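This briefing sets out the side-chain interactions and core packing of one protein model. Please keep the sequence and structure in view while reading.

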Amino acid sequence: MLPGMDRLPFPLADVLPDALRGVLLDFWWDTERLWALDLPVTTLPVADLSWLLDLPMWAYGGAPFQVTPHQVAADPVRYAEQYARTMAADVAFPLHVTDRGGRPLVLDGMHRLLRTELAGWGEVAVKVVPAAALDDIARRPDDTDSLAK
């Protein structure tokens, strides 16, 4: 079977805003599999990732894809839950990124990215997930254990 042929589709595809179509991965992936990848840590300029902070990545009012990280930073009282998650994010852990359309996409670590930007850091630690490894993190129909997550 070809890579990617048995991946489960992204579970929130039906509510994905146009701004995120073609940006987020179109399949459901497993965070624990992502973390298990043996990848070297490197750095990227925060500026290379900051475009993501203007996309409606985060939930608000119980609905997904309602607020951008930059909106959270601009109004931490209104978006107290996401702001608290940002300030509690442990920046000792690197972000996981992959290439998406010629730009780096954060797979894990958006709150860490915003916290890094708010701290004024110029670079952030990352693990770059190569396209060849995306199939290794994909959830599949026979992944009964991971479907409950």
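A nonpolar core is a set of buried Ala, Val, Leu, Ile, Met, Phe, Trp, Tyr and Cys residues joined through side-chain atoms within 4.5 Å; buried means under 20% relative accessible area, exposed over 50%, and partly exposed in between, with a 1.4 Å probe and protein chains only. The largest core of this kind has 38 residues, and L49, L52 and L107 have the most contacts inside it. The model is predicted: local features need pLDDT of at least 70, side-chain atom pairs count only at pLDDT 80 or more, and totals for chains, interfaces and linings use all residues. Residues are numbered from 1 along each chain as its sequence is written, and side-chain values use heavy atoms, with hydrogens and water left out.

- Helices (H or I, at least four residues) and strands (E, at least two) are DSSP runs, numbered from the N terminus.
- L52 is in contact (heavy atoms within 4.5 Å) with V23, M57, P69, P104, L105, V106 and M110, leaving aside residues up to four places away in sequence.

- M110 belongs to helix α5 and is buried at 10% relative accessibility.
- Leaving aside residues up to four places away in sequence, M110 touches L52, L53, M57, W58 and P69.
- The C-alpha atoms of M110 and P56 are separated by 11 Å, while the two residues are 54 residues apart along the chain.
- T116 is also found in helix α5, and its relative accessible area of 1% makes T116 buried.
- The contacts of T116, not counting residues up to four places away in sequence, are V46, V91, W121, E123 and V124.

**Salt bridges**

- The whole structure contains 2 salt bridges, each defined as a side-chain nitrogen of Lys or Arg within 4 Å of a carboxyl oxygen of Asp or Glu.
- One of them joins the side chains of R139 and D30, at 3.6 Å from N to O. R139 lies in the loop between α6 (134–137) and α7 (144–147) and D30 in the segment before α1 (31–36), so this pair ties together parts that are 109 residues apart in sequence.
- R139 is buried at a relative accessible area of 6%, and D30 is buried at 3%.
- R112 and D108 form a salt bridge in which the closest N and O atoms are 2.7 Å apart. R112 has a relative accessible area of 12% and is buried; D108, at 15%, is buried as well.

**Aromatic rings**

- There is 1 aromatic pair in the structure. Rings of Phe, Tyr and Trp (its six-membered ring) pair if their centres lie within 6.5 Å; planes under 30 degrees apart count as stacked, over 60 as edge-to-face and the rest as tilted.
- Y60 and Y79 make up this edge-to-face pair, with 4.8 Å centre to centre and 75 degrees between the planes. Y60 lies in strand β2 (residues 58–60) and Y79 in the loop between α3 (69–74) and α4 (80–88), so the pair ties together parts that are 19 residues apart in sequence.
- Y60 is partly exposed at 35% relative accessibility, whereas Y79 is buried at 10%.
- The charged end of R103 sits over the ring of W51, 3.6 Å from its centre; the criterion is NZ of Lys or CZ of Arg within 6 Å of the ring centre and within 35 degrees of the ring normal.
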